[in-house]
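Hi everyone, thanks for coming. I'd like to walk you through one structure today, going from the inside out. Have a look at it on the screen first.

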Amino acid sequence: MFTSTGSNGFYKAPLSKSLLLVPSAISILLTLLFQHYQKFFAYNLQAVKEDFQIWRLVCGRTICLDLKDTFCSTLLIYNFRIFERRYGSRKFSSFLLGAWMLSAFFDLLLVEITQYVFGITINSLPSGFLGPVFALFVPFYSSIPRVQVTQVLGHFSITNKSLVYILGLQLLTSGSYIWILALSGLISGICYNSSMLKVHRILCVPRWVAKIFSWTLEPVFSSAEPTNEVRVGMGATVDIQRQQRMELLDRQIMMSQVAQMRRQRQQQGGMINWNRLFPPLRHRHNANYQDHPSEQGIPPPTEVSEEQVARLMEMGFSRGDALEALRASNNDLNVATNFLLQH
């Protein structure tokens, strides 16, 4: 699983903790005790368009009225808390705010397109904070490395991200029109992350608002620092310290996965014939010393990221093997890691 160990919990992720606890508690109360108030949290598009009840775009898109949706969305928020740790609460909240506002527009647009193309009239959509949750799959897909954990039946790969995708699929199939929320959320996440549209510069949480919430809510939802975590050097700023700690957590997760993959490789043997893609590193390394080819006519080697080299060296690989793997894989950390594990 992608998440870090349970002892770390919501350390440095107070916003994720509040999004998990508060809406879930309200959803349970509305389901068990206050059913007559559920109508105020219904995502009724007909009331929005005909009666101009704009407030439903806020209430109807915050609290889930289906406990299955509540359960799946809270598990996904728990997994996505790594982004708050990595980017900081202000940037993470800006992403959620931008995705939440954009997805409201795309919800209405997709409903109109569905009615125009297929003749299907949709008066209401599933309630809850679902648009931003689906939007978080965009940075999850693009920025979290994919590391194979095991294989099922010798053909189907299980990675550190598989469980999160399964949860997303379960949430996607929990309602009739929840695919509209999923699609609008994904589009919103792509638009917000786009460097061309510059949406993140417009839809962001102001610093003074972030400071107010930091003073008032962070003490309530903050979690204690894990006692079993190795300390890192002090950075010059809070952002640097946060980044250092998140990098340490990422390394710990990946190193544990690498150790598990090595044990499985010893028991089951290699699963992928990477020699079909490029020759073994050690053979090429020895050939460089034996042949001494002329440097004339040889294209310059691909520049590699020292950060990726350092991450591979922390997993136990030599610097030479790490450099060769990254060059051969065109700086793809996932391919380089899998290649080194198979040799």
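**Starting from the core**

So, the largest nonpolar core in here has 43 residues, and the ones with the most contacts inside it are Leu76, Phe80, Phe83, Leu125 and Leu171. By nonpolar core I mean a set of buried Ala, Val, Leu, Ile, Met, Phe, Trp, Tyr and Cys residues joined through side-chain atoms within 4.5 Å. Buried is under 20% relative accessible area, exposed is over 50%, and partly exposed is in between, using a 1.4 Å probe and protein chains only.

Before I go on: this is a predicted model, where local features need pLDDT of at least 70 and side-chain atom pairs count only at pLDDT 80 or more, while totals for chains, interfaces and linings use all residues. Residues are numbered from 1 along each chain as its sequence is written, and side-chain values use heavy atoms, with hydrogens and water left out.

Back to that core of 43 residues. Which elements give two or more residues to it? They are α2 (45-50), α4 (67-87), α5 (89-118), α6 (130-135), α7 (137-143), α8 (162-172) and α9 (178-193). The most comes from α5, with 9 residues. Helices here are DSSP runs of H or I, at least four residues, strands are runs of E, at least two, and numbering goes from the N terminus.

Let's zoom in on Phe83. Leaving out residues up to four places away in sequence, Phe83 touches Gly88, Phe92, Leu136, Pro139, Phe140, Ser143 and Ile144; contact means heavy atoms within 4.5 Å. There's also a second, separate core of 13 residues, which includes Val304, Met315, Ala336 and Phe339.

**The whole chain**

Stepping back, the protein chain has 17 helices and 4 strands. Of its 343 residues, 43% are buried. Take the contacts between residues at least 6 apart in sequence: 74% of them join residues at least 24 apart.

**Helix α1**

Now for α1, residues 14-32. Its 19 residues should span 27 Å at 1.5 Å a residue, and that agrees with its end C-alpha atoms, which are 27 Å apart. The expected span is 1.5 Å times one less than the number of residues.

Which way do its residues face? Several are buried, among them Leu19, Leu20, Pro23 and Leu30, and the buried residues of α1 pack against α4, α5 and α12 (218-221). Ile28, also in α1, counts as partly exposed because its relative accessibility is 41%.
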